[in-house]
Amino acid sequence: LQTLELKLEEYKRDHPDGAANSGLLTRELAVCQPQVQGASNALFFPCGASQDFVFDRHLSRRDGILDDAENLSQVVEDFDAVMLIERWVGKADGWIHWLYTYRSIAKTFSQSNPDYASHINMLKSTVHKLKELHTFVLSCLQDAVVKQFQALLEQKNKDQAWNEERLWAIIKILDKLFVIDVLKDMKPSLNNDYSSWRRGLQAL
């Protein structure tokens with residue numbers, strides 16, 4: 001974090017006209033407390049942004065100095081989008097874990113003398129989780145995929161360069177959603193429990 005602060009101070013000294021704009025990045029840097037990871041002492045940020053993204057993508061001379069508010073606002077937009085998608089990725093990981101570790105409840109039910117009311121009551125929590133999963137997938141698709149592609153199209157129409165980290169974040173969440181879809185369909189325990197719940201409803 002000290003390295004980033006020094007670079008920001010250097011930027012303000014060398015480019016006084018852009019000093020005010022650089023202040024917009026303060027809130028982004030504040031939430032990214034860097035840590036040292038691995039034997040290589042690589043610097044990483046728990047919020048999902050690398051040092052390269054936080055500084056080079058914001059104020060780097062290789063991309064041109066971002067003194068105008070329009071360019072800087074695009075960079076802040078990209079940064080916010082990456083962190084938004086990373087939050088969805090974290091939630092998706094939780095659902096992947098639940099799907100992968102799910103074990104059937106219906107296997108314990110008696111088939112010779114079924115108590116459908118009891119079965120429905122026991123499966124109620126599973127069905128509720130499936131409804132939550134359905135809501136999650138729809139919300140995630142809208143927020144982390146559809147809106148992101150719409151934003152990228154707007155940037156393209158303005159002849160703005162797409163941010164590589166943002167593209168990779170979208171790819172990551174699409175991969176998570178694909179895994180969720182595959183696990184949901186391939187888990188026989190989950191499908192059997194849902195079928196048992198439906199049979200119970202029909203019997204009652």
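First, the residue classes: Ala, Val, Leu, Ile, Met, Phe, Trp, Tyr, Cys and Pro count as nonpolar, Asp, Glu, Lys and Arg as charged, and the others, Gly among them, as polar. The model is predicted, so local features need pLDDT of at least 70 and side-chain atom pairs count only at pLDDT 80 or more, while totals for chains, interfaces and linings use all residues. Residues are numbered from 1 along each chain as its sequence is written, and side-chain values use heavy atoms, with hydrogens and water left out.

Now the pocket. On a 1 Å grid over the protein atoms alone, a pocket is an open set of points where a 1.4 Å probe fits, with protein on both sides within 12 Å along at least five of seven lines; lining residues have an atom within 4 Å of a point. The largest pocket holds about 320 Å³ of space, a volume being the space filled by probe spheres set on the points, which are joined across faces, edges and corners. It has 14 lining residues, and Leu 130, Leu 133, His 134, Asp 181 and Lys 184 are the closest to its centre. By class, the lining has 9 nonpolar, 2 polar and 3 charged residues.

Which elements give two or more residues to this lining? They are α6, α7 (164-186) and α8, helices being DSSP runs of H or I, at least four residues, numbered from the N terminus. α6 gives the most, 6 residues.

Next, the packing. Axes are lines fitted to C-alpha atoms, for helices over the stretch in contact, and angles run from 0 to 180 degrees between N-to-C directions. The axes of α6 and α7 come within 11 Å and cross at roughly 150 degrees. The two are therefore roughly antiparallel (over 145 degrees). α6 (residues 116-157) and α8 (residues 188-203) have axes that come within 9 Å and cross at roughly 130 degrees.

Notes: Parallel < 35°, antiparallel > 145°, perpendicular 65-115°, else oblique.
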